[in-house]
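Trainee: I would like a close look at a single part of this model, followed by an account of how that part sits within the rest of the chain.

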Amino acid sequence: EGKKVPEDPGVDTVDFPKRTTPAKGYELLFQPEVVRIYISLLKESKTPAILEASAGAIQNLCAGSWTYGRYIRSALRQEKGLSAIADLLGHDSERVVKAASGALRNLAVDLRNKELIGKHAIPNLVKNLPGGQQSPAKNLSEDTVVSILNTINEVIVDNLEAAKKLRETQGIEKLVLINKSGNRSEREVRAAALVLQTVWGYKELRKPLEKEGWKKSDFQVNVSNSSRTQGGNSFDDSTL
């Protein structure tokens, strides 16, 4: 069970390990059928606390490289659960938005999930960032904004199409504003700068970005050295 199995981006079906004995105790929490239960709750419930808890449970189940985490990442995709989680990014409850963001971040470790989340969830993730022309403007806490920024970065790493989608949905404007406005926290600035550095790392995007008026300096870290060295760990969620 400890072996790392590479996640094939082309595989949309998953076969859970065959059990020789019935699941019991805590094992019941991560069996295949639990995926359908959580997806059903996400789709049917109107209660913010239930939505938050369900998304949080999925985030925990999909954390790390343990055997069932890999299987459940695939099962969520097979059971059409990714869209249900992405839809929660537009919820009125900030706690639901943050839980959905964390779940998507861990789900994006699976390469096929990363591709699908990049196509369908980037616009909703960007809408939750401060700034821009949207009305009414979102006013989310530092923790939630950092969670969303970290999720965006996870999705666009090694995913050029998702980085293009970020550019198409006015994500660059919001990221640069966070990075340079001077009125965001150090954690938010560092998280935004990390996304901008990932975007600039795609050579295919540099000319189109420069044609739009962006400069290399717009994609560089804009916090002091003392700020950057604090903590030394960019991960904010214990379930990562």
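Which residues form a nonpolar patch on the surface, and what accessible area do they have together?

Mentor: This is a predicted model, in which local features need pLDDT of at least 70 and side-chain atom pairs count only at pLDDT 80 or more, whereas totals for chains, interfaces and linings use all residues. Residues are numbered from 1 along each chain as its sequence is written, and side-chain values use heavy atoms, with hydrogens and water left out.

The patch consists of Ile37, Leu41 and Ile50, which together have about 230 Å² of accessible area (Shrake-Rupley method, 1.4 Å probe; for residues, only the protein chains shown count as cover). A patch is made of residues with over 30% relative accessible area and no salt bridge, where nonpolar side chains (Val, Leu, Ile, Met, Phe, Trp, Tyr) are joined within 5 Å and like charges within 9 Å; a salt bridge is a side-chain nitrogen of Lys or Arg within 4 Å of a carboxyl oxygen of Asp or Glu. Ile50 lies in helix H2, residues 48-61 (helices are DSSP runs of H or I with at least four residues, strands are runs of E with at least two, and both are numbered from the N terminus). Ile50 counts as partly exposed because its relative accessibility is 35%, given that buried means under 20% relative accessible area, exposed over 50%, and partly exposed in between, with a 1.4 Å probe and protein chains only.

In soluble globular proteins, nonpolar side chains tend to be buried together. In this chain, the largest nonpolar core has 63 residues, and those with the most contacts inside it are Ile58, Ile85, Leu107, Ile152, Ile156 and Leu166; such a core is a set of buried Ala, Val, Leu, Ile, Met, Phe, Trp, Tyr and Cys residues joined through side-chain atoms within 4.5 Å. Leaving aside neighbours within four places in sequence, Leu166 is in contact with residues including Ile122, Val126, Ile152, Ile156 and Val199, where contact means heavy atoms within 4.5 Å.

As for the whole chain, there are 13 helices and 0 strands, and 46% of the 240 residues count as buried. Among contacts with a separation of 6 or more, 73% are between residues 24 or more positions apart. The chain exposes about 12,600 Å², of which carbon and sulfur atoms supply 51%.
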